[in-house]
Amino acid sequence: MYDFHPYFTNDGSTGLYSPEFNDIYHSASGALTEACEKFIKPSHIDYLLNNYQQIKVLDICYGIGYNTKSLLNYIFEKYDQRFGCPTDYYAQIHTDKAKDILSTNSDTIYTDNHKEQSKTNIGTVYTHNKFAGIIIKAIDNDENLFCLSPFIKTGEKDFAKHNLNIPCDKIHKYLTDSSPADCMKINNLVNYVILDNIVKQFPQIFANKEINSILSDKNLDCFFENDIRGIYRSLNNQDIHISLLRRLNSFLHNIYYRHVSNGYKRRLKGSILNDFILDFKCGDARKIISADSDKYHLIFLDAFTPSKCPCLWSLEFFKLLFEHMEPDGMLLTYSSSAAVRSAMIEAGFFIGNIFSPRENKFIGTAAVKNKTFIKYPLSESDLGLLKTRAGIFYRDPDLNGQNEAIIEQRNFEVKNSNLQSSSEYKRVNNL
Ligand SMILES: C[S@@+](CC[C@H](N)C(=O)[O-])C[C@H]1O[C@@H](n2cnc3c(N)ncnc32)[C@H](O)[C@@H]1O
């Protein structure tokens with residue numbers, strides 16, 4: 001049986017626990033908060049939206065998708081602000097797209113102007129003409145996590161009573177915290193977009209016994225979005241031989257008009273779900289990126305910590321990411337480790353800190369090719385630490401080493417190094 005152990009984190013979003021590592025995938029203080037504060041807010045997404053028609057994003061270690069979802073959520077919210085009055089950018093089309101939607105199995109199409117319209121009176125389908133969209137390539141080596149990602153619940157206010165009995169101190173510490181973080185939620189439209197793409201790219205999801213049994217497990221009920229599960233179930237029960245995907249598109253279209261709040265709908269009016277292209281790639285990130293010819297404006301690196309998964313933090317991996325980044329791109333990660341930072345610099349990046357105004361401290365690293373995007377440069381002491389033994393980076397010369405071997409090689413180098421230790425450096429410099 002697939003190991004799936006969810007718990008609620010302290011902002012009402014769902015986190016995952018790994019019994020294999022006795023560790024958590026997501027910060028117990030708030031999985032969604034973490035994604036927003038470490039990956040979205042510190043990025044230069046507003047600059048990208050203002051300067052590019054098409055933005056390419058690489059989400060390395062997608063997991064259950066918080067970084068991708070937070071980005072989409074942010075962009076959906078921004079739509080109207082970027083383009084101003086809808087008439088500036090909406091081009092009404094009455095022809096091809098409308099016909100396409102009409103030719104699906106759905107009997108009724110919902111639009112902004114009319115609650116319900118018959119097939120013969122579709123009205124207007126909107127699209128906009130300036131923004132060509134976001135392309136997100138999301139990589140993870142666990143297909144089941146991709147498939148579960150659209151269902152994952154956020155925004156649970158009463159989460160303390162739902163938590164399962166997971167033997168992990170990091171989780172319990174936050175469950176007894178008297179001041180929970182602000183409750184955060186991903187709008188379900190984002191989940192619809194993700195489900196749409198998951199079903200297209202992993203049609204085998206319907207026959208996946210593990211996914212189906214997790215989604216129908218009563219004990220796990222509280223961790224899933226009911227609306228999304230409802231869509232999935234109805235699709236699963238239908239005769240899937242005839243144009244399943246077209247029916248899904250039509251279904252999503254209807255759900256969008258029926259269930260999304262008016263305020264949100266106003267902001268999104270004109271957005272066609274296809275503006276957001278998600279390309280899910282299952283496998284080892286090193287192989288997938290080596291075989292990829294695209295360059296990216298944003299790269300999220302959310303691998304397990306360097307001491308557990310060094311293959312995604314090595315010098316060679318950062319060189320690969322450098323090659324795959326646009327000149328004004330930005331890589332963001334939660335890690336501030338000296339070994340990671342020195343590898344980034346050696347690979348050619350300029351690096352800076354990620355600052356959290358909420359916590360009033362630095363919480364990660366941003367790496368760029370264009371220095372002007374660095375908001376919080378490293379301090380003298382940060383830079384000094386990189387020259388100690390702690391700054392000896394992981395090596396993976398052929399980008400196919402095993403994690404254990406990569407760790408062993410680094411330990412050997414650290415042990416035989418003449419460099420100052422980081423603790424000595426801190427003591428001498430009163431840090
Ligand atoms: C900390 S979790 C990522 C959490 C994720 N960003 C989210 O929002 O849920 C790390 C992820 O790395 C994936 N992973 C581990 N080794 C990998 C590899 N070599 N290539 C691709 N993915 C890997 C795991 O399956 C896991 O989902």
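## Basis of the description

Residues are numbered from 1 along each chain as its sequence is written, and side-chain values use heavy atoms, without hydrogens and water. Because the model is predicted, local features need pLDDT of at least 70 and side-chain atom pairs count only at pLDDT 80 or more, while totals for chains, interfaces and linings use all residues.

Helices (H or I, at least four residues) and strands (E, at least two) are DSSP runs, numbered from the N terminus. Strands pair if DSSP finds at least two bridges between them. β9 (296-301) pairs with β10 in the parallel sense over five bridges, and Leu298 has Met330 of β10 as its bridge partner. β10 also pairs with β12 (residues 361-368), in the antiparallel sense over four bridges; there, Val368 of β12 is the bridge partner of Met330.

Strand β10 (residues 325-333) is largely enclosed by the rest of the structure, because seven of its nine residues are buried (under 20% relative accessible area, with a 1.4 Å probe and protein chains only; exposed is over 50%, partly exposed in between).

## Helix α14

Eight of the 10 residues of helix α14 (residues 338-347) are buried, among them Arg341 and Met344. The buried residues pack against several elements, including α13, β10 and β12, where contact means heavy atoms within 4.5 Å.

Phe304 lies in the loop between β9 and α13 (315-323). Phe304 is partly exposed, with a relative accessible area of 31%.
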